[in-house]
Amino acid sequence: MEDCLFCSIVKGDIPSTKVYEDDVCLAFRDINPLAPTHILVIPKEHIASCAELGEEHEALIGHIFTVIAKLSKELGLKDGFRVVSNSGIDAGQTVGHLHFHVLAGKPMNAKMV
Ligand code: 5GP
Ligand code: ZN
């Protein structure tokens with residue numbers, strides 16, 4: 001996908017601080033962290049948002065959550081973490097490439113909106 005920031009990060013055209021990578025997904029630190037630990041986990045394939053997911057993506061999404069679970073252990077997120085994926089304008093999505101925020105390292109308000 002041309003002009004997609006996260007596709008450029010996948011390609012290595014834009015640098016990122018990677019914490020995990022395999023054939024299908026990449027995890028890197030958010031450039032503007034909202035918590036002491038703020039990781040973005042993305043599929044390497046360009047998918048615009050959760051709204052564009054189909055049955056063909058079920059294995060990929062399951063894999064991404066397994067990676068998140070492994071990362072939570074490797075990064076020592078023993079006190080908990082939050083996974084967020086913003087989809088569309090009302091959710092405040094600013095990058096149009098599916099991504100899962102993993103936030104941890106401080107108590108977070110239970111209210112989501
Ligand atoms: P959204 O607002 O779409 O849910 O999340 C996009 C996230 O991407 C934001 O938290 C923002 O800080 C992060 N971000 C934007 N540009 C870059 C970048 O160039 N590098 C990294 N590592 N994160 C970015
Ligand atoms: Zn993309």
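**Exercise 1. Asn-109**

Decide from the relative accessibility of Asn-109 whether this residue counts as buried or exposed, then place Asn-109 in the chain and find the contact of its side chain.

Solution. 
- The structure is a predicted model, in which local features need pLDDT of at least 70 and side-chain atom pairs count only at pLDDT 80 or more, while totals for chains, interfaces and linings use all residues. Residues are numbered from 1 along each chain as its sequence is written, chains are lettered from A and ligands numbered from 1 in the order in which they are written, and side-chain values use heavy atoms, with hydrogens and water left out.
- The relative accessibility of Asn-109 is 53%, so the residue counts as exposed (buried is under 20% relative accessible area, exposed over 50%, partly exposed in between, with a 1.4 Å probe and protein chains only).
- Asn-109 sits in the segment after β5 (strands are DSSP runs of E with at least two residues, helices runs of H or I with at least four, numbered from the N terminus).
- From the side chain of Asn-109 to the backbone nitrogen of Lys-111 the distance is 2.7 Å. This is a polar contact (a pair of N or O atoms within 3.5 Å; within protein, one must be able to donate a hydrogen and the other to accept it, and residues adjacent in sequence count only if both atoms are side-chain atoms).
- Between Asn-109 and Gly-88 there are 21 residues of sequence separation and 22 Å of space, C-alpha to C-alpha.

**Exercise 2. The zinc ion**

Which residues coordinate the zinc ion (ligand 2), and what arrangement do the donor atoms make?

Solution. 
- The donors are Cys-4 (SG), Cys-7 (SG), His-46 (ND1) and His-97 (ND1), at 2.0 to 2.3 Å (donors are N, O and S atoms within 2.8 Å of the metal, or 3.2 Å for Na, K and Ca; water is not among the atoms, so sites may look incomplete).
- The arrangement is tetrahedral because the 4 donor atoms around the zinc ion subtend angles of 107 to 117° (four donors count as tetrahedral if all angles lie between 85 and 135 degrees). The ideal angle for four tetrahedral donors is 109.5 degrees.
- Along the chain, the donor spacing is C-x2-C-x38-H-x50-H. Distant parts of the chain are linked by Cys-7 in helix α1 and His-97 in the loop between β4 (81–84) and β5 (100–104), 90 residues apart.
- Both Cys-7 and His-97 are buried; His-97 is classed so because its relative accessibility is 0%.
- The side chain of His-97 also reaches the backbone oxygen of Pro-43, at 2.8 Å.

**Exercise 3. Ligand 1**

Describe the shell around ligand 1 by residue class and by element, and list polar contacts of the ligand.

Solution. 
- Ligand 1 is surrounded by 16 residues, the closest being Arg-29, Asp-30, Asn-86, Thr-94 and His-101 (a residue is near if one of its heavy atoms lies within 4 Å).
- The classes are 7 nonpolar, 7 polar and 2 charged residues (Ala, Val, Leu, Ile, Met, Phe, Trp, Tyr, Cys and Pro count as nonpolar, Asp, Glu, Lys and Arg as charged, the others, Gly among them, as polar).
- At least two shell residues come from each of α1 (5–11) and β2 (25–29); α1 contributes the most, 3 residues.
- A nitrogen atom of the ligand is 2.9 Å from a polar backbone atom of Arg-29. Oxygen atoms of the ligand lie 2.5 Å from a side-chain N or O atom of Asp-30 and 3.1 Å from a backbone N or O atom of Val-95.
- Of the 520 Å² of accessible area that ligand 1 has on its own, the protein covers 83% (Shrake-Rupley method, 1.4 Å probe).

Notes
Tetrahedral: all angles 85-135°; square planar, octahedral: opposite > 155°, others 65-115°.
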